[in-house]
Amino acid sequence: MKMEIIRLEAGDDALVMKIADDVFDAPVRPDRLAAYLAEPGHFMIVALADGVVVGQCAAVIHRHPDKVSELYVDEVGVSPAFQRQGIARKMLDAMFAIGREHGCEEAWVGTEPDNVAARALYEARKEPHGPAEEFVMYVYEL
């Protein structure tokens, strides 16, 4: 099986039409993907196994007037059939390289307290500034 980790660019949305189970939270809409990829500062890495998307990592650059630019890793997903093979780690490595390429000095990611697999992935990295932070999130319907 041929495995590739690739960065999607605007116009690459056709690459994401064959997707393994549970890579994304919901079905991918081509119009939303095209808009995401066209937006400056939005990045997506996918893992392809024989042309099928088995993993994805999405991130956005946050620029601030009073602190360093940071890469917010919004999503990391790997199909259960492909987990524990280093795919998520490779996608994060590629995404962090993109962040550095765009002048980001920090990257951050959050997950649910009970997401043991994600926490193990993030805690195994060499770069964290310290232990996981606790925070409260509010979601508003617009």
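The exercises below, each with a worked solution, concern a predicted model.

**Exercise 1.** Determine where S69 is found and whether S69 counts as buried or exposed.

*Solution.* Begin with the chain: S69 lies in the loop between strand 3 (52-62) and strand 4 (70-78). Next, consider accessibility: the relative accessibility of S69 is 15%. Buried means under 20% relative accessible area, so S69 counts as buried.

**Exercise 2.** Identify which residues S69 touches, leaving out those up to four places away in sequence, and state which side chain makes a polar contact with that of S69.

*Solution.* With that exclusion, S69 touches H62, R63, G103, C104, E105 and E106. Of the residues listed, R63 also takes part in a polar contact: its side chain and that of S69 are 3.2 Å apart in this pair.

**Exercise 3.** Locate F135, classify F135 as buried or exposed, and name the patch to which F135 belongs.

*Solution.* F135 is placed in the segment after helix 3 (116-123). Its relative accessible area is 55%; exposed means over 50%, so F135 is exposed. Together with M137 and V139, F135 forms a nonpolar patch on the surface, with about 390 Å² of accessible area in total.

How values were computed
Residues are numbered from 1 along each chain as its sequence is written. This is a predicted model: local features need pLDDT of at least 70, side-chain atom pairs count only at pLDDT 80 or more; totals for chains, interfaces and linings use all residues. Side-chain values use heavy atoms; hydrogens and water are left out. Helices (H or I, at least four residues) and strands (E, at least two) are DSSP runs, numbered from the N terminus. Buried means under 20% relative accessible area, exposed over 50%, partly exposed in between (1.4 Å probe, protein chains only). A polar contact is a pair of N or O atoms within 3.5 Å; within protein, one must be able to donate a hydrogen and the other to accept it, and residues adjacent in sequence count only if both atoms are side-chain atoms. Contact means heavy atoms within 4.5 Å. Patches are made of residues with over 30% relative accessible area and no salt bridge: like charges are joined within 9 Å, nonpolar side chains (Val, Leu, Ile, Met, Phe, Trp, Tyr) within 5 Å. Accessible areas come from the Shrake-Rupley method with a 1.4 Å probe; for residues, only the protein chains shown count as cover. A salt bridge is a side-chain nitrogen of Lys or Arg within 4 Å of a carboxyl oxygen of Asp or Glu.
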